[in-house]
Amino acid sequence: MKKKTLSLFVGLMLLLGLLFSGSLPYNPNAAEASSSASVKGDVIYQIIIDRFYDGDTTNNNPAKSYGLYDPTKSKWKMYWGGDLEGVRQKLPYLKQLGVTTIWLSPVLDNLDTLAGTDNTGYHGYWTRDFKQIEEHFGNWTTFDTLVNDAHQNGIKVIVDFVPNHSTPFKANDSTFAEGGALYDNGTYMGNYFDDATKGYFHHNGDISNWDDRYEAQWKNFTDPAGFSLADLSQENGTIAQYLTDAAVQLVAHGADGLRIDAVKHFNSGFSKSLADKLYQKKDIFLVGEWYGDDPGAANHLEKVRYANNSGVNVLDFDLNTVIRNVFGTFTQTMYDLNNMVNQTGNEYKYKENLITFIDNHDMSRFLTVNSNKANLHQALAFILTSRGTPSIYYGTEQYMAGGNDPYNRGMMPAFDTTTTAFKEVSTLAGLRRNNAAIQYGTTTQRWINNDVYIYERKFFNDVVLVAINRNTQSSYSISGLQTALPNGNYADYLSGLLGGNGISVSNGSVASFTLAPGAVSVWQYSTSASAPQIGSVAPNMGIPGNVVTIDGKGFGTTQGTVTFGGVTATVKSWTSNRIEVYVPNMAAGLTDVKVTAGGVSSNLYSYNILSGTQTSVVFTVKSAPPTNLGDKIYLTGNIPELGNWSTDTSGAVNNAQGPLLAPNYPDWFYVFSVPAGKTIQFKFFIKRADGTIQWENGSNHVATTPTGATGNITVTWQN
């Protein structure tokens with residue numbers, strides 16, 4: 001960037017502007033944000049755009065949707081003025097906080113009218129036009145400027161995307177709101193009431209049983225205000241292509257990833273085919289919201305299978321529930337926290353890709369559950385140092401409280417850089433960036449009781465040891481603590497900010513010490529790597545020709561080789577800690593990625609090569625045999641996407657697909673992602689409640705998959 005000489009007058013005006021906005025000076029020469037799909041070393045900051053900062057008052061009450069703005073900020077479901085320009089102006093604040101990824105609430109054009117009394121789409125989740133920016137937030141130029149400035153400040157941008165539904169409607173009142181209306185870059189497509197021949201929406205009524213998979217995915221969301229949200233039919237080719245094009249447009253405008261809303265509530269076949277098409281454009285990060293279905297829930301395995309098979313990571317609601325119970329309500333202990341870390345570590349193939357959090361826009365804020373700031377600090381310390389990537393809900397560092405929606409979405413109260421929470425986040429964010437043990441490491445419990453959890457993160461020779469005492473009244477004497485830290489004395493990385501202390505290590509043992517009431521201590525060791533060490537391959541699914549990013553240590557500055565299952569990949573770029581390569585042309589299925597540098601080979605990392613560009617297909621089997629409670633029907637076939645004839649129905653990658661659904665029993669169906677325009681063989685089987693397998697008889701079914709965005713394949717069960 002060329003240097004520019006500013007006049008004294010302009011300089012004074014800029015200074016006054018900074019003082020007025022509360023922002024720090026913007027640095028246009030800061031490092032570019034990584035293009036890697038990995039966020040393992042990042043801290044994510046979740047922003048509700050309308051409630052963060054008003055950077056442009058001219059868009060508060062736009063003519064297109066006039067009257068939806070409340071300048072008094074007393075009507076909690078009206079627009080309050082936050083916008084994309086406001087986020088841009090606060091990038092220096094976020095950078096100082098240590099944020100390296102921002103997650104923006106939906107930016108696309110929302111409902112243009114009221115949905116009942118003082119009820120608007122300020123939150124962004126009622127999209128009417130997936131091709132335009134919401135006028136209360138700005139326009140595409142505003143969005144582009146924000147993304148560019150974020151990247152210049154080393155910050156990635158993840159955008160919330162809502163492909164499950166459009167806008168509110170009432171079944172018996174076509175005049176209410178916009179009737180679920182959908183637009184394509186300003187051109188009217190249709191609404192819920194003129195959909196008889198188009199089939200853009202599901203017309204199956206409202207969800208009454210949220211745990212029933214058919215209802216959850218093929219019926220409408222309902223709102224306590226008495227309306228429904230028009231459920232989009234992703235099996236419809238026009239809708240599937242429209243949503244895909246909209247997502248691709250966001251990526252083309254520089255988005256580094258998408259947070260996909262309500263993935264539990266639309267078919268996973270569309271989700272996987274969408275991910276495939278996005279990964280062909282750019283190595284981005286995708287994470288889906290699968291709310292609920294914690295361990296023990298009937299559909300928990302479905303969530304795990306989705307995360308392991310779809311190419312889309314998930315928000316870690318499993319861990320979130322326990323975090324809130326351990327540090328918030330005290331209804332569970334540190335043993336439960338450790339058990340959940342272990343359980344999710346066993347269930348999720350890519351557990352390091354999970355997004356952790358203590359609260360968000362759909363639940364009461366932590367300080368409303370427990371007003372003790374010390375416990376908030378402990379919960380933050382845990383997600384900032386545990387496996388996965390932490391997501392901080394806006395205002396947490398300013399101690400925002402608030403009950404359930406909409407009271408958890410207050411206006412950002414301040415941008416104070418001196419709070420203890422701000423200092424804690426910024427300090428531990430630095431540790432995340434600089435110690436590979438936090439980014440990629442294993443987790444080992446080292447010492448535990450009901451109140452104290454001491455765990456160790458380790459990646460090759462990099463080590464981080466963390467001690468948390470949630471009891472703010474009692475100290476604990478810690479003895480017999482073992483560690484992988486080398487011999488030496490270690491200061492608390494937080495410098496005593498949360499009551500921590502230093503330790504002394506000799507031959508793998510930590511000298512006895514007292515952990516103060518409510519204290520958090522963090523000790524760390526990092527060293528250079530003499531051999532290549534892979535920490536991440538991202539994305540972890542795609543077709544040959546896609547770009548993937550390999551992050552780790554010890555790659556060296558001299559280019560070596562990268563192989564996928566023994567096949568050499570073409571290198572796009574190579575640095576000592578990051579390599580970009582093109583996926584080689586090879587057989588589909590799970591394969592191992594390996595880096596060789598200086599004649600030394602790395603550890604292996606699993607990657608899933610698809611059989612070709614994906615399309616989502618409704619597979620239906622008619623007149624299946626009678627089934628009893630607990631029996632389920634699955635699909636398997638001769639390609640990895642259908643399990644390579646496997647009858648494994650666990651949460652592993654490349655297993656049998658299903659289970660299917662039977663709203664029209666004895667016909668069963670579901671939507672699966674398969675390569676487009678490919679002749680495949682497949683069969684269905686019943687997995688009985690006792691675990692036995694009943695195959696259908698006869699020859700394999702043979703079909704050629706469609707080449708469009710969606711399609712249908714229907715067969716009759718072969719008795």
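For sorting residues by class, Ala, Val, Leu, Ile, Met, Phe, Trp, Tyr, Cys and Pro count as nonpolar, Asp, Glu, Lys and Arg as charged, and the others, Gly among them, as polar. This is a predicted model, where local features need pLDDT of at least 70, side-chain atom pairs count only at pLDDT 80 or more, and totals for chains, interfaces and linings use all residues. Residues are numbered from 1 along each chain as its sequence is written, and side-chain values use heavy atoms, with hydrogens and water left out.

**Stop 1: the largest pocket.** A pocket here is an open set of points on a 1 Å grid over the protein atoms alone, with protein on both sides within 12 Å along at least five of seven lines; lining residues have an atom within 4 Å of a point. Select Phe221, Asp223, Asp362, Asp405 and Arg409, which lie nearest the centre of the largest pocket among its 28 lining residues. The lining splits into 10 nonpolar, 8 polar and 10 charged residues. Its volume (the space filled by probe spheres set on grid points joined across faces, edges and corners) is about 840 Å³.

**Stop 2: the cavities.** A cavity is a set of grid points where a 1.4 Å probe fits but cannot get out. There are 7 cavities of 30 Å³ or more. For the largest cavity, at about 270 Å³, pick Ser268, Arg305, Tyr306, Gln657 and Tyr670, the nearest to its centre of 18 lining residues. What classes make up this lining? It has 5 nonpolar, 8 polar and 5 charged residues.

Next, go to Phe285, Asn313, Asn353, Ala538 and Pro539, around the centre of the second largest cavity. That space is about 90 Å³, and its lining has 8 nonpolar, 5 polar and 1 charged residues.

**Stop 3: salt bridges.** Count a side-chain nitrogen of Lys or Arg within 4 Å of a carboxyl oxygen of Asp or Glu, and the whole structure gives 30 salt bridges. Show Asp551 and Arg578, which pair at 2.5 Å, N to O. Asp551 sits in strand E27 and Arg578 in strand E31, so the pair ties together parts that are 27 residues apart in sequence.

Finish with Lys64, Asp109, Asp112, Arg128, Glu135 and Glu178, linked in a salt-bridge network.

How values were computed
Helices (H or I, at least four residues) and strands (E, at least two) are DSSP runs, numbered from the N terminus.
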